[in-house]
Amino acid sequence: MKINQNISAVIVNDQLLRNENSLSESVKKLSSGLKFNAPKDNPSGMAISFKMQAQIHALNRASLNATDGTSMVETIDGAMGEMTEVLQRIRELCVQAGNDTNTLEDREAIQQEIAALKEEVNRISTATEFNNKTLMDGSLDRRTYATDANKTVSMFEQISNVIISDEVASGDYKVEILAPAKHGDLVAEGDTSVLNGSAVITKELEGTIQINGSRIEITEGMTADDVYKAIRDGGELGWVNVFETNTGTPGPVNKDNLDTQGYPEVKDGYQFGDSLAFVSQNYGTNEKVTITCDNSDLAALIGFKNIISQGSDAEETIVKEYSLQQAGVDEVKNAQGVVTTPGEPAKVVTGKYTGTGHPVGEFYINEAKVTITETMTAQEVYDAIKAAAQSQKIDVTDADGDGVYNFGDALQFQSQQTGADQVINIQYISEDTDDYFGLKGATPPADEKTVFYEYKVEKAGTNADVSIEDAGQIRGEYTGQAVVKADGNQIVITDKSGFEISFEIRGDLAVAGSEIINIEATDIGTLQLQIGANKGQELAVRVPVLNTKSLYMDDLDVRKVTGPDRGLETMDQAIGIVTAARSLMGAYENRLDYVKSGLDEAEENMTTAISRLGDTDMAAEMTEYTNANVLTQASISVLAQANDLPQQVLSLLQG
């Protein structure tokens, strides 16, 4: 036996240490619930576990991001819903204003509410926020840039309200402005000779002027200032600006005189005989300046008759009423009651028609109407005249005395009774009738009276001329199905699959020649929601700008002529734009709901996977723990016995 080295104890102790380590590992796994608590336990498994844990945290955060995004989109949708209510109210007011039971004062009251509601639309656009981020002012929409052809000079002063659809891919889109849109314009140079020395409107100059249907009553005693104010205010209600100018030739059009179409505005006070410019408030072929006047001298005084030379369409309509009237003569008796002068019937003899052709028209013999059509024979015409005359107790004979009526023969009309109360009155307004029946040469001659007079002058604006072609071919950035449409200064380019670019151009663009504009569409500017655990997993939320300008309702005015009708058309368009935007927000909300569900499902599955990889199987590990615990206790017991072996040597020494 050896006492310097207790080999048995060393062996047992070594085994005890192993058992204690196994027990310690089991305790760690049981207490932490993890299969590995240090890199040495499972280096590759821990690396995989950490990456999966990062994914789980990111998925959880992305799910919260989707929730935040839903909250923001719901805020936008709520604001759009409120804006829709405002637009619906404005449309209702347009319907109310369209009823002619309303006076101008009533429409002014309605317009006041509309003006307030338009301000509310703009307030919603600028004041809708989420976490101090403005939502509906266009800052969350796709960015577009307008430059010259070389992409060196910004053209956003000349090009405005650029809106692109989602189907417009990022890139450059060129358009060529061949000619700008124009306002309708007229200049009237007054003629004071009709005043006959008067400084105010005389009775003979009274009349009605209409500017695009807006009635202006010019009455006796009105001064030049009164007339100017009436025409100015009436023009404004007819969508026409009226101002004094000193030339009939406009100067160069630039950004500072677009509203006057280049005509210089004079501010020295209007006097009869001065020139007045009439300029439509809007652009395009549908925006006309139409002026009518029912008094020839008044039309000359204001200057409407001096507009013809400027290339406008003018027409003068005169409707005259002719009346052949003759009464009979009462008989005359002396004091003894003896008739000294017999009574005479009323008598009218027409002239003879010397022209050719079939008579067509209508006229009245007293109260009886005679209608002559081109299908009637001469005899049928004669019979119709005789029948009408007979109904009024008037005889008709062929003045030629041949007993056969031919077109153009003179006719004699004679009352069947005598006396001053017997009257023949032949009335007509058609000069053809007058000519065919020889009424111009009648005896006695016809009285002539103007029953209707209208001087009408009209000038329309023009639409912008825009091209997307280059050398006769549609530019490469568009397909062969692209179409460009101009409505005044508003341009819309459409292509297949929902492609649409719309914008407005300033009225002085390309005045001196064509100009190429480059519109660059980008994908930047939208609201980016990080809805994934990795780079690039984003959802772009596009929020279009919604205000009175983008909805084309900034000039809505129901006080003006056709204002309610224009308002209804405008509001239908505006409601459609906002409704489409709300539909887009609804689509985003639904998608975000699915995004959140998908992220939560992915997080759940990822958590299950990492659990399989790194979580301790408590039942199996408990078995290992029990085994290690028993072995440790056994090792301790054996070690105690091994430590007692050197004591047995003493018994040998004592023996």
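This is a predicted model: local features need pLDDT of at least 70, side-chain atom pairs count only at pLDDT 80 or more; totals for chains, interfaces and linings use all residues.
The secondary structure of the protein consists of 30 strands and ten helices. The radius of gyration is 49 Å, whereas the globule rule gives 26 Å for 655 residues; the value for the protein is well over that of the rule, so the protein is more spread out than a compact globule. Along the principal axes, the C-alpha atoms occupy a box of roughly 210 × 55 × 50 Å.

Of the 655 residues, 40% count as buried. When contacts between residues at least 6 apart in sequence are considered, 73% of them join residues at least 24 apart. The protein carries 52 positive and 102 negative charges. The mean position of the positive charges and that of the negative charges are 9 Å apart.

Strand β11 spans residues 288–293. Five of its six residues are buried, so strand β11 is largely enclosed by the rest of the structure. Strand β11 pairs with two strands, β7 and β21. With strand β7 (residues 207–211), the pairing is antiparallel and runs over three bridges; here Ile209 has Cys293 of β11 as its bridge partner. With strand β21 (residues 447–460), the pairing is also antiparallel, and six bridges are found. In this second pairing, Lys288 is bridged to Ala460 of β21.

Two residues were examined for their backbone angle phi. Most residues other than glycine have a negative phi. Asn366 has a positive phi, near 55°, and is not a glycine. Asn366 is placed in the loop between β16 (361–365) and β17 (368–372). The relative accessible area of Asn366 is 18%; residues under 20% count as buried, and Asn366 is therefore buried.

Ala471 is likewise a residue other than glycine with a positive phi, of about 55°. The loop that holds Ala471 lies between β23 (469–470) and β24 (473–474). The relative accessibility of Ala471 is 79%, and the cut-off for an exposed residue is over 50%, so Ala471 counts as exposed.

Conventions
Residues are numbered from 1 along each chain as its sequence is written. Side-chain values use heavy atoms; hydrogens and water are left out. Helices (H or I, at least four residues) and strands (E, at least two) are DSSP runs, numbered from the N terminus. The radius of gyration is taken over C-alpha atoms; the globule rule is 2.2 Å times the number of residues to the power 0.38. Buried means under 20% relative accessible area, exposed over 50%, partly exposed in between (1.4 Å probe, protein chains only). Contact means heavy atoms within 4.5 Å. Lys and Arg count as positive and Asp and Glu as negative; His and the chain ends are not counted. The place of a charge is taken as NZ of Lys, CZ of Arg, CG of Asp or CD of Glu. Two strands pair if DSSP finds at least two bridges between them.
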